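Trainee: I have a structure with two chains open and want to go through how they touch. Can you take my questions one at a time?
Mentor: Go ahead.
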Amino acid sequence: AARVSSGENRLVSLPLSRIRVIMKSSPEVSSINQDALFLTAKATELFVQYLATYSYKHGRGKEKNALTYSDLSHTAEECETFQFLADILPKKILASKYLKMLEKEKRDGEVGEDDEEDEDEEDENE
Amino acid sequence: LPDGVNISKEARSAISRAASVFVLYATSCANNFAMKGKRKTLNASDVLSAMEEMEFQRFVAPLKESLEVYRREQKGKKEARKDKDKKADSEEQDKSREEENDDDDERMEEEEQNDEEEVDN
C-alpha cells in the first residue's frame, strides 16, 4: 500500500489493499504490478467523481440539493458509458405500483386468450 | 459535487457498489490486454488501454500524470531507504551514487514486479 507521510495530500484516497483484493477476485488474473494497482485505484477515484457529478447534473435530486439513488440509476440506464452499471443500479418502483401492474397484466391476459405477455421483471427494493 | 449537496445513504452505497463493479470491469479488460501481450502480470499500459476500451479516454491524461508523480514518490522512498543503509556504510559510497541510480531504475522495475509475483489458483 502507498504510505505517504501524514500532512501531505495523499495521491489516491482509496485504499490500495482493498482495490487489490477486488482485482484478485478475478479468476484469470495472476499478478498485478504496483503501477497497475495504483492506476486502477486512481481510475476508480476518477470514475466515482465522474459518476457522481454526471448524475447530479442530469438528475432531479438537484432540485433538493441532493444526489439521490434515482439520479444514479437514471444515469446507468440512459448514458451509454455507464450502462455496465444498469444491472446493479436497477430502477426502483413502489411495491403498490408493481402489484397494480401485475393485476393489470393478469386482467389483460384474461381478456385475450392468445395474449401472452411477458411478465415485466422489475426489481423492487424498498 | 458542489458544497452542501446531500448524498443519501442509498446513493452512497450505490456508488460504492458501482466502484467495485468498475474495478472488476477494468481489471478484466486490462487482463485481456496483458494476455494479448502474452504476459501474466498486469501492468500500467494494460490499465490505460482498458480505460480507452471502456470509453473513459478522459481519464487517460490525468492518470498518466498521477502515475508520474507516483513513480517519483516510489523512487524517492526507495532512495531514502538506500540512503539510510548507505549512511551506515562508508562515506565514499556517496560519490558513486550518481552512477548507481541508472542501474537502480532498472532494478526497481524488477523489484516491483517481484513484489507482486504471486501465482494464485
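Trainee: How many salt bridges are there between chain A and chain B?
Mentor: Two salt bridges are counted between chain A and chain B, a salt bridge being a side-chain nitrogen of Lys or Arg within 4 Å of a carboxyl oxygen of Asp or Glu. This is a predicted model, where local features need pLDDT of at least 70 and side-chain atom pairs count only at pLDDT 80 or more, while totals for chains, interfaces and linings use all residues. Residues are numbered from 1 along each chain as its sequence is written, chains are lettered from A and ligands numbered from 1 in the order in which they are written, and side-chain values use heavy atoms, with hydrogens and water left out.
Trainee: Which residue does Asp35(A) form a salt bridge with?
Mentor: Arg71(B), with the closest N and O atoms 2.6 Å apart.
Trainee: How many residues are in contact on each side?
Mentor: 48 residues of chain A and 52 residues of chain B are in contact, meaning heavy atoms within 4.5 Å.
Trainee: And what area is buried between chain A and chain B?
Mentor: About 4,800 Å², with carbon and sulfur atoms giving 65%. Buried area is the accessible area (1.4 Å probe) that two parts lose on being put together, summed over both. In chain A, the residues that lose the most area to chain B are Ser31(A), Asp35(A) and Leu39(A), together 13% of what that side buries.
Trainee: New topic. What stands opposite Ser31(A)?
Mentor: Thr41(B), in strand E2(B).

Technical notes. Two strands pair if DSSP finds at least two bridges between them. Helices (H or I, at least four residues) and strands (E, at least two) are DSSP runs, numbered from the N terminus.
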